[in-house]
Amino acid sequence: QSKRRAKGLPLKVTIQAQAKFGWIYESFDVKRNIVSLYQTAGDQKLNENLAIFGFLRVITSWWVIYYHSQFTFSLASDNFGKFWGDFSKSTILMNLWNNGDLSVEYFFVMTGFLSAYTLIPKLAKSNFTISCYLTIIKHRLLRIWPALILGLLFWWQIVPRMFSGPSWFHYEYKVGYCDSLWWSKALLVENITNYYTFKEAGNYCMINTWYIPTEFQIYLVAVLAIALYTRYRRVGFVVILGLIFQSFLMGAMNLVNHRIIYPTLNDNGLWHYFRMTPFTRWYTLFIGVIWGLLYYEYTKLKKKNIFYVFEKKVFVSYLSILLGIALNIFVIHFPITQYFGKTFRMVWFPLRVLLISLSMTMIFMPLASNREFYLKKFFNLRVFQVMGKYSYMTYLFADPLIYVMALWNYDPAFKFSGLGIV
């Protein structure tokens, strides 16, 4: 290189060599590998309007962890009364805690939106074949599977070897399910195998990650629906809307037929007949797909749809955001008591999921338009983007650590208040 520079020759050969062989050196870079493994940023750079999803990933993953803490801290029964007492003093905290299962719907909607927006250009450029379909699914697996396997090993094999003590049997009992069910978690079919064996709701390996197999199975169907849209736009929209209607109706009918009333003591039935079955849950993901299709048409095809209205009519944008916030508060704080009819209380499970999904889109879709919002600048802060990339890792690894903290909390020397430890 120095000789070529001295002779005034170009360094093109050196650059070519670096491009050809540099990846071999970089493939052994520990930092690069860890970052690539755990961050879930897509391979396509999204425009800054969609940076709000980084913020959404952060609040959603932490809401899930916040919700799971109630089951985790119930292990520490002697301190759980104090923990519960701290939360019962705050209606807002208590309602967020009790409705934390709704946070998963944010994940479904985000997956649907981003899948539609990023897959359409790929599917439109090439003929949709079995090979193309398998390539897309392989890419999805490579994004979620390695971290899931490491999370499973951490939960099942590493943490049990790190601690011991008179209270540790609680964790060992919970982890014990992985001895026989690890393979179904690793293959992303745990919800299917447990559906047919009708295991108890808590008898799952790494129960906090139940969402991942369900979401992946819905993704398999979503890719086909998006591919249909790229060929036949109207037919694709009709099919997706039909799947939304079918899924909501089937979920409601399942709960009515099995007499699962809100709030339920039959949590096992709720899991099997509604929460974990793909065909009763995919309406929230397909709501995201519809918005993703509209956003693609708005940004790439320059069609004047609802996003164009959000951009040009500031009143409509703010009205949508305010109504979305009001609907969100209504769903989370609306008291469903025995004074409501049984049928309504049975249908309330899928209805609240539908309403929380719609409220989420009403709040954040206006922010994805080209209109400038001060709120958008806040969501686009670098800290949220970085935390958002690692939200999947946080989701996978948080529960085992909270279990350790909860059991550690047995010791009077380390007792904290509920709010303090969260």
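Modeller: About 60 Å³ of space lies in the largest cavity, and a search of the whole structure for cavities of 30 Å³ or more finds one. A cavity here is a set of points, on a 1 Å grid over the protein atoms alone, where a 1.4 Å probe fits but cannot get out, and lining residues have an atom within 4 Å of a point; grid points are joined across faces, edges and corners, and the volume is the space filled by probe spheres set on the points. The model is predicted, so local features need pLDDT of at least 70 and side-chain atom pairs count only at pLDDT 80 or more, whereas totals for chains, interfaces and linings use all residues. Residues are numbered from 1 along each chain as its sequence is written, and side-chain values use heavy atoms, with hydrogens and water left out.

The lining of the largest cavity consists of D101, E105, W210, F274, R275, R281, F349, R352 and V353. By class it has five charged residues, four nonpolar and no polar ones, where Asp, Glu, Lys and Arg count as charged, Ala, Val, Leu, Ile, Met, Phe, Trp, Tyr, Cys and Pro as nonpolar, and the others, Gly among them, as polar. Helix 14 (267–275) and helix 18 (342–368) each supply at least two lining residues, and helix 18 gives the most, with three; helices are DSSP runs (H or I, at least four residues) numbered from the N terminus.

Turning to other buried positions, E215 lies in helix 12 (residues 211–231) and counts as buried because its relative accessibility is 2%, buried meaning under 20% relative accessible area with a 1.4 Å probe and protein chains only. The side chain of E215 makes a polar contact of 3.3 Å with that of T111, a polar contact being a pair of N or O atoms within 3.5 Å, of which, within protein, one must be able to donate a hydrogen and the other to accept it, while residues adjacent in sequence count only if both atoms are side-chain atoms. Leaving aside neighbours within four places in sequence, E215 is in contact (heavy atoms within 4.5 Å) with F108, T111, R140 and L285.

A116, placed in helix 7 (residues 103–125), is buried, with a relative accessible area of 0%. With the same exclusion of sequence neighbours within four places, A116 is in contact with I226, V289, G292 and L293.

Notes:
On a 1 Å grid over the protein atoms alone, a cavity is a set of points where a 1.4 Å probe fits but cannot get out, and a pocket is an open set with protein on both sides within 12 Å along at least five of seven lines; lining residues have an atom within 4 Å of a point. Buried means under 20% relative accessible area, exposed over 50%, partly exposed in between (1.4 Å probe, protein chains only).
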